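Please work through each task with the sequence and structure at hand before reading its solution.

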Amino acid sequence: MAARTDLSELLDALDPHADLAHRHLWLIELLGWIRGSSSSVPRAVARVNLLLDALQQRPETAAKLQAWWQKLLATVDATALLADYGFSSRSAFAGELLERLRLKFLPGTPETADASALFALAFHDAFDARWLAALDAATLARLAELLQSSRCLDLDLGHCAWLSNHQQRDLSPWQATLLEALTFCTSQIQATGFSPELRLRMSMPARETVPFHALATDFDALQAAFLASPQRHSAERQAALHQYLARLDACRHAAASVYTHLEMHGISVSLVFQVRQLRSRVLRIRALLECLLSERPQALTAQLLADLVKTGLERRSLRALVAANSSMLAAKVAERSSETGEHYITRTRAEYLRMLRDAAGGGAVMSLTTLMKFLVLSIGLSAFWSGFYVGVNYALSFVLIQMMHWTVATKQPAMTAPAMAAKLKELGAPGAIEGFVDEVTHLVRSQVAAIVGNLALVAPAVLLISGALWLAFGAPMIDAKVAQHVLQDLSLWGPTALFAALTGVLLFASSIIAGWTENWFVLHRLDSAIRYNPRITALLGHARADRWAAFMRHNISGLTANVSLGMMLGLVPAFATFFGLGLEVRHVTLSAGQLAAAAASLGPELLQQGPFWWCVAGIVVTGALNVAVSFYLAFLLALRARSVSGVDRSRIYQAIRHRIRTRARSFFWPARTTKDSPHG
């Protein structure tokens, strides 16, 4: 059906006896005409008044509209719209995510008796909320007079069977619908409060006061007072209303007490989703009560409809769902990463030298990783299995480094960034800017020490391994053909910078996976299960089970980060090859080891050739991008998770530039402090 732009044609097309789809299409077309193409609120309000003027001059059309309105109320269930629109019928976050995908990408049909589906089709633009809220009292009164004149008609209130015949006669259809919507919302809040997942995590005082048990009783008392007393300000009605609202607040506070448990024992996104749904239903009940009990219901009804428009648009937003329900998880991941990251920031000369030592140990292990990688690639497996075994090689190497308490330079930035973001919350204090610049200096110096330590040992160790292989088997680690291929891959002239940045993303992703896994481990109390589960203790014994529980609780984050990073470094290129993307990874320590292997194969004369030094430049860029990209992404996450705002970044940048000009050496070598003194 072609859209009509002329009001007269639109009114002529009104047919209350048309089929369901065409009656609803007329409503959608009418709202499109009110909306217009200018997105001007005064113009939209003027069009509503123009419609009312036209109907006043055409009584027969006004009668048709009233018949159409009566049929609409008899066809669709407005109770579901008022009580459930914008809320999920699912209690789980994953189910709601799939539902929003369906709403976002599958088209709706006007051939429906679902008021919520029809409302979403008719009020699909954010502009609708603006012009609905802007309707003045006079316009709303005229609309109410037009539509409420159909009360004299035989409206069906059969769905309100819980009301007596006398009560049905005293109530308008709108009031009856509001009461039923309030009943539905109350029962939903009560059901959420009784869910075991929520109840077990409430605070003890919240469970002892049992506010959810009496909620339905309080609502029944309010409803009885409303039906019994025609006076808005009667003492009985006001007392019942006060009691019901107080009980609602008690339910909301009881549900909110769950957050304290989540902060201590891990975040459940699904549980956060349920608590947010409950809070939103409490707000919806308050809005419905205002429409039911107010002396100016028209204005509040228009505001309610405007709010429903906004809610409906948010209901289809995937970003809003993820942002609203994962913010606590992001904060917890950032907090756990911050605690870990503090161990990677060196502030004294002794800590700096310890970092060099630990990084050198990591570099030695990575030399063996380089050897095993070339062995796997020499077998000639398919892309997937080659990537899989290379990933296993990386993962085992990273885990070994963790168990030896050594370090890999590129693993640090994603952990240290949240620790740095935590310092930003203190910028309002005197001397905080200088203190933050000190932390930046410590971080840069720590990262330099880690990279230098890694590279200082990985290259000599690879040369030693290659020399040992030459003596034992008469051949270096790789032949000349593979060495030339390595030089081409690592050269700065190639896509090295892009691949290094991609590796930085993978480094950040591994920290997110680690934080999520640790949260999941804590949330489900798996350390306690390992320590006390009868079957596990029967298998391991109580002492060993206790040691395993302590080990897993302390190392689960690091193990997950190392295994996930290793497998991603191995498998991402394989999957990229499947899709024809040709992406590779460039890890600074592994790249340095590969370049050393190529130098051992091609001989000392390689040092006099340009391609070798372009590879050296490529390794410098690789290290910088590995660190910078992973740190930047983790820093952004930490800032958002901690809701850091109002930071005077220009002052920070100015202070950092001043530190570089005056004390550039501090970014590479720590000054001696009293802690470094043998007698300190």
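**Exercise 1.** Determine which residue forms a salt bridge with Asp 249, and how far apart the closest N and O atoms are.

Solution. Step 1: the partner of Asp 249 is Arg 252, with the closest N and O atoms 3.5 Å apart. A salt bridge here is a side-chain nitrogen of Lys or Arg within 4 Å of a carboxyl oxygen of Asp or Glu. The model is a predicted one, in which local features need pLDDT of at least 70 and side-chain atom pairs count only at pLDDT 80 or more, while totals for chains, interfaces and linings use all residues. Residues are numbered from 1 along each chain as its sequence is written, and side-chain values use heavy atoms, with hydrogens and water left out.

Step 1: both Asp 249 and Arg 252 belong to helix α15, three residues apart, about one turn of the helix. Helices (H or I, at least four residues) and strands (E, at least two) are DSSP runs, numbered from the N terminus.

Step 2: Asp 249 counts as partly exposed because its relative accessibility is 22%, and Arg 252 is likewise partly exposed, at 28%. The classes are buried (under 20% relative accessible area), exposed (over 50%) and partly exposed in between, with a 1.4 Å probe and protein chains only.

Step 3: salt bridges with shared partners join Asp 249, Arg 252 and Arg 286 into one network.

**Exercise 2.** Locate the salt bridge between Asp 218 and Arg 247 and state which helices hold its ends.

Solution. Step 1: the two side chains meet at 2.6 Å, N to O. Step 2: Asp 218 lies in helix α14 (residues 215-228) and Arg 247 in helix α15 (residues 235-256), so the bridge ties together parts 29 residues apart in sequence. Step 3: Asp 218 is buried because its relative accessibility is 9%, whereas Arg 247, at 21%, counts as partly exposed.

**Exercise 3.** Are Arg 35 and Asp 128 buried or exposed?

Solution. Step 1: the side chains of Arg 35 and Asp 128 form a salt bridge of 2.8 Å, N to O. Step 2: this pair links distant parts of the chain, with Arg 35 in helix α2 (residues 20-35) and Asp 128 in helix α8 (residues 126-133), 93 residues apart. Step 3: Arg 35 is buried, with a relative accessible area of 10%, and Asp 128 is buried as well, at 0%. Step 4: a search of the whole structure finds twelve salt bridges.

**Exercise 4.** Describe the second largest cavity by its volume and lining.

Solution. On a 1 Å grid over the protein atoms alone, a cavity is a set of points where a 1.4 Å probe fits but cannot get out; lining residues have an atom within 4 Å of a point. Grid points are joined across faces, edges and corners, and the volume is the space filled by probe spheres set on the points.

Step 1: the lining includes Gly 193, Phe 194, Arg 199, Met 202 and His 213. Step 3: α11 (173-194) and α13 (204-209) are the elements that give two or more residues to this lining.

Conventions
1 Å grid on protein atoms, 1.4 Å probe; cavity = no way out; pocket = protein on both sides within 12 Å on 5 of 7 lines; lining within 4 Å.
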